[in-house]
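Here's a quick tour of one model, taken a region at a time. Have the sequence and the 3D view side by side as you read.

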Amino acid sequence: MASVRDRIIGIATAAALSLSFGASPSSAASLDEIKTKGSMVVATEDSYKPFEYVENGKPMGLDHDLLALLRKEAPFKIDQQIIPWTGLLAGVATGKYDVALTAAVITPDRVQSLAFTMPIAEATQYYVVRADETRIKGVPDLAGKTVGVQSGGASYAALADLEPTLAKTGGKLGKVVQYTSLPEAYQDLANGRLDYVINGVVNLVSLTKDQPKRFRMGEAVGAPTYAAWAVAKGNDSLLAYLDQFMAKVRASGELYALQEKWLGRAFKDLPSAPTK
C-alpha cells in the first residue's frame, strides 16, 4: 500500500502535468502586458478566515486590506474575483488569473508551476480538536484517529510530515477525510465525525479565539512553512513588481499593523524570499 507521502507526490505530479499541458509562462500576462491593457485580474478565496472571507456581503481579511493598499499605487485597474479555493492556484498557473492574491502556503509541489512573493505570514500546520476532547493531548495521540484536511491544500500535504512522526512512536495515520472547504471540516469536527482537523497556525488561532468553547488548538504537525501570493512560474516581471510592493509595506510597517489587526500578532521575522 502506498504511503501518504507517495500519494501526495503522485497527486502533485499529475496536477503539475495537467497544469503544464497546453500552458506556458507566456499564457500569463507580464507586467508590461498588464500595463498596456490597463488591468490586472487577481483571485482571492471566499472562505479562508482571517486572510480572506466574506461577511454580510463584504470582503474581509488581511489580503483584502493589502489589496486596498496595492490598488492605491498600481498604475492600472485591479479586477478581483472572489472564488472557492478549488481551481484558484491552477487558474493562476494557466493564466486565467494574473495573481493568486491569497495566503497560499509555499510547498515544493506548488513551486513547480507557481512563483511566490515575499511571505505575508507564517503558515505552519497545526491540529485542532474539540474543546472537550480528552483522548488527544499531543501529536502521538493522533495515531489511528480520523482527520479532516483540505483537498489539495497544505493541510493534506502536512500528512507527509505527520506520518513518519507517528511512526517513531509506533503509530499510524487513521482515516483521512478531504474537504473542499475547511469550515465544513470544522463543522464535522464539532459534530463528532472527525477527531481532529489540520490547518495553518493563523487560521486555527483565529478559530479557537472565536469559538473557545467548541475548539482547542494542539501542536504543530508539520515543518515550518510560510504563506504568500503567487503568479505563474516564469512571470518574473510581475513577481518583481509585487515583491517591490511587499518590501514597501514591510518597510513602512503597514504589513505588520495589518497582521496585528487580522492575525493577532506581527510576523516581523519572515524571510525575504520564499522558503519551500
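Which residue just after α7 takes a positive phi? That's G192, with phi at about 90 degrees. Keep in mind throughout that this is a predicted model.

## Helix α7 and what covers it

Helix α7 runs over residues 182-190, and its buried residues are L182, A185, Y186, D188 and L189. Looking down the axis of α7, those buried residues fall within an arc of 165 degrees, so they line one face of the helix. The general rule behind this kind of pattern is that an α-helix has 3.6 residues a turn, so residues three or four places apart point the same way.

What sits over that face? The cover on the buried residues of α7 includes the strands β9 (125-130), β10 (147-150), β11, β12 (196-200) and β13 (215-220), along with helix α8 (201-210).

## The loop at G174

G174 sits in the loop that links α6 (159-167) to β11 (176-179). Setting aside neighbours within four places in sequence, G174 touches G144 and K145. As for D195, 21 residues away along the chain, its C-alpha atom is 9.8 Å from that of G174.

## The cavity

The structure has 1 cavity of 30 Å³ or more, and the volume of the largest cavity is about 150 Å³. Its lining takes in 20 residues, with Y48, A103, V105, Q150 and A154 nearest the centre. The elements that give two or more residues to this lining are β6 (99-105), α5 (154-157) and β12.

Which element gives the most to the lining of the largest cavity? It's β6, with 3 residues. Sorted by class, the lining comes out as 10 nonpolar, 7 polar and 3 charged residues.

## Helix α3

Helix α3 covers residues 62-73, 12 residues in total, which should span 16 Å at 1.5 Å a residue; the end C-alpha atoms are 18 Å apart, which agrees. The buried residues of α3 are L62, D63, H64, L66, L67, L69 and L70.

## Two backbone details

In the loop between β2 (47-48) and β3 (52-55) you'll find P50, which is joined to K49 by a cis peptide bond with omega of about 10 degrees.

The loop between β3 and β4 (58-60) holds N56. Phi of N56 is near 55 degrees, a positive value in a residue other than glycine. Is N56 buried or exposed? Its relative accessibility is 81%, so N56 counts as exposed, the cut-off being over 50%.

Methods
Residues are numbered from 1 along each chain as its sequence is written. This is a predicted model: local features need pLDDT of at least 70, side-chain atom pairs count only at pLDDT 80 or more; totals for chains, interfaces and linings use all residues. Side-chain values use heavy atoms; hydrogens and water are left out. Helices (H or I, at least four residues) and strands (E, at least two) are DSSP runs, numbered from the N terminus. Contact means heavy atoms within 4.5 Å. Buried means under 20% relative accessible area, exposed over 50%, partly exposed in between (1.4 Å probe, protein chains only). The arc is that of the directions from the helix axis to the C-beta atoms. On a 1 Å grid over the protein atoms alone, a cavity is a set of points where a 1.4 Å probe fits but cannot get out, and a pocket is an open set with protein on both sides within 12 Å along at least five of seven lines; lining residues have an atom within 4 Å of a point. Grid points are joined across faces, edges and corners, and a volume is the space filled by probe spheres set on the points. Ala, Val, Leu, Ile, Met, Phe, Trp, Tyr, Cys and Pro count as nonpolar, Asp, Glu, Lys and Arg as charged, and the others, Gly among them, as polar. The expected span of a helix is 1.5 Å times one less than its number of residues.
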